[in-house]
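Hello! I hope they are handy to read beside the viewer.

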Amino acid sequence: MTDTPTARRASAPGWRDPRLWIGVAVVAASVLVGALVLGTSDDTVAVWAATDTMGPGHALTADELQVCRVGFADAGDAALYVAADEQLPSGLRLLHGIAEGELLPRAAVGPADDATLRQVPISVASDQVPSSVGAGDVVDVYLRPATRSGCEGTAVCSGRPVLSAVTVLDAPAADETFGAQGGRMLVLGVHDGDAHRFFRLLASTDDPSLTVVGRG
């Protein structure tokens, strides 16, 4: 009668087994190669974005911008925005307002001569303008007549601002202007056409008063 050999159990490889270290090395190499491939496949573009809301006529500086990496579907789209590796020329102003976090379009900036604004002074009752409003802020201006009938047939009572997203160029403190009369003067940067429209509405409104609303 032939003796049946005793079966041996397969044992897990020990830490000294070279096959274990070869497997670890293969996994580590795969991870490293994958990381390098992903790192070199970054097709995003670094462009400038605004750190705050700024209105037309604002003198733009690099301190008011931050770098934002964006993946554009079309390379031509990237060319519409100011690249972060471009040095901003001095005397650059906004031709139209941009919001906080918005990418900086090339069409929104230009030399100071291209962003010529009217300096429009307005007098506002102190309780109709936030005390925090100062030079560089972006505001909306609303025009209100003394009575409802005072705006019939005009755009004043539409509920929309008569000046929208304009930049405050100067904002003396109340005690430096009309503090005794309870008012405050602001100097706004307004495009020529908007300034004409504003003064037309002001002249056509009975006993007008202004309210300034800050943005951001």
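1. A word on the ground rules. This is a predicted model, so local features need pLDDT of at least 70 and side-chain atom pairs count only at pLDDT 80 or more, while totals for chains, interfaces and linings use all residues. Residues are numbered from 1 along each chain as its sequence is written, and side-chain values use heavy atoms, leaving out hydrogens and water.

2. How many salt bridges are there by this rule? The count comes to two. Glu86 and Arg106 form one of them through their side chains, at 2.4 Å from N to O. Glu86 lies in the loop between helix H2 (75-78) and strand S3 (92-94), and Arg106 in the loop between S3 and strand S4 (109-111), so the pair ties together parts that are 20 residues apart in sequence. Glu86 is partly exposed at 31% relative accessibility, and Arg106 is partly exposed at 36%.

3. Back to H3. Its 12 residues should span 16 Å at 1.5 Å a residue, and the end C-alpha atoms are 17 Å apart, which agrees; the expected span is 1.5 Å times one less than the number of residues. Which residues of H3 are buried? They are Ala195, Phe198 and Leu201. These cover an arc of only 130° around the axis, which puts them on the same side of H3; the arc is taken from the directions from the helix axis to the C-beta atoms. An α-helix has 3.6 residues a turn, so residues three or four places apart point the same way. The face turned away from the buried side of H3 carries the exposed residues Arg200 and Ala203.

4. What covers that buried side? The cover includes S5, strand S6 (138-144), strand S7 (163-170), strand S8 (183-190) and strand S9 (209-214), with contact meaning heavy atoms within 4.5 Å.

5. The largest nonpolar core has 21 residues, and Ile122, Val139, Val141, Leu188 and Val212 have the most contacts inside it. Such a core is a set of buried Ala, Val, Leu, Ile, Met, Phe, Trp, Tyr and Cys residues joined through side-chain atoms within 4.5 Å. S5, S6, S7, S8, H3 and S9 each supply at least two of its residues. Apart from this core lies another, of 14 residues, among them Trp48, Val82, Ala84 and Val109.

6. For the overall picture, the protein has three helices and nine strands, taken as DSSP runs numbered from the N terminus (helices H or I, at least four residues; strands E, at least two). Buried residues make up 31% of the 216 residues.

Methods:
A salt bridge is a side-chain nitrogen of Lys or Arg within 4 Å of a carboxyl oxygen of Asp or Glu. Buried means under 20% relative accessible area, exposed over 50%, partly exposed in between (1.4 Å probe, protein chains only).
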